[in-house]
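Have the viewer open and follow along.

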Amino acid sequence: MIVALIIACEVGFWVLLAAGLALRYLAKTPRLGAAVLLCEPLMELVLLVVTTIDLKNGAAPDWKHGLAALYIGYTVGYGHYTIKWLDGHAAHRLAGGPKPAGAGYGKARAAHEWKLWVRTVVAAAVALGLLQVAIWYVGDAGDVSSLEAWQFGALRVVGIHALVAVAYTIWPKKAPAGVEEPPALARTDR
């Protein structure tokens, strides 16, 4: 049931996102579109409650509970960023807004990668916290090794993403020949 709910939350995220952006730009009802977009965190709250109830009812903690924690962490760390990024592209494509700036090159790209790494740290911290609460909640009554493995996995993701950011810092991405980087590119992920 948890896996089906995670899939439903992911599908729901994209459905609500598409509906919110369509209402905002195609139907020209920005307030209603914003209201639909604000419904997205409710899905993660439902996932958290159902996962907790599942553990409370005696389910053995396993990979599904860990995946739910990581999904919620990712949504906290990257949900707003994803919505804002897609909103900028929808405004450009559907409402004639300015083209969103890319990640850029050189120092701007390295700074962008470090900001994304901070989001990964936030996502991992939320997931680690939820997993630790689940471990305490289950206590000695059950095998929590699966949840601990998910904690280690979250820490590995933070480490790997740090290596990516370090690589962009040491070996900055260069602009293609003839492309001049506008100063606005450094502001892509605010």
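Where is the place of Lys-28? Lys-28 sits in the loop between helix H1 (2-26) and helix H2 (30-38). Helices here are DSSP runs of H or I with at least four residues, numbered from the N terminus.

A word on ground rules: this is a predicted model, where local features need pLDDT of at least 70 and side-chain atom pairs count only at pLDDT 80 or more, while totals for chains, interfaces and linings use all residues. Residues are numbered from 1 along each chain as its sequence is written, and side-chain values use heavy atoms, with hydrogens and water left out.

Most residues other than glycine have a negative phi. Lys-28 is not a glycine, yet its phi is positive, at about 60°. Lys-28 also counts as exposed, because its relative accessibility is 59% (exposed means over 50% relative accessible area, buried under 20%, and partly exposed in between, with a 1.4 Å probe and protein chains only).

Now hop over to Asp-87, which belongs to helix H4 (residues 63-95). Asp-87 has a relative accessibility of 17%, so it counts as buried. What does its side chain reach? The side chain of Asp-87 makes a polar contact with the side chain of Arg-24, at 3.4 Å. A polar contact here is a pair of N or O atoms within 3.5 Å; within protein, one must be able to donate a hydrogen and the other to accept it, and residues adjacent in sequence count only if both atoms are side-chain atoms. Setting aside neighbours within four places in sequence, Asp-87 is in contact (heavy atoms within 4.5 Å) with Leu-21, Arg-24 and Tyr-25.

Next up is a helix pair. Helix H3 (residues 40-56) packs against H5 at an angle of about 20°, and their axes are 11 Å apart. The axes are lines fitted to C-alpha atoms over the stretch in contact, with angles running from 0 to 180 degrees between N-to-C directions. H3 and H5 are therefore roughly parallel, a label for angles under 35 degrees. On the H3 side, the contact is made by Leu-48, Thr-52, Leu-55 and Lys-56, and on the H5 side by Leu-130, Ala-134, Tyr-137 and Val-138.

The C-alpha atoms of Thr-52 and His-65 are separated by 8.9 Å, with the two residues 13 apart along the chain. Finally, just after H5, Gly-139 takes a positive phi of about 65°.

Notes
Helix = DSSP H or I, 4+ residues; strand = E, 2+ residues; numbered from the N terminus. Parallel < 35°, antiparallel > 145°, perpendicular 65-115°, else oblique.
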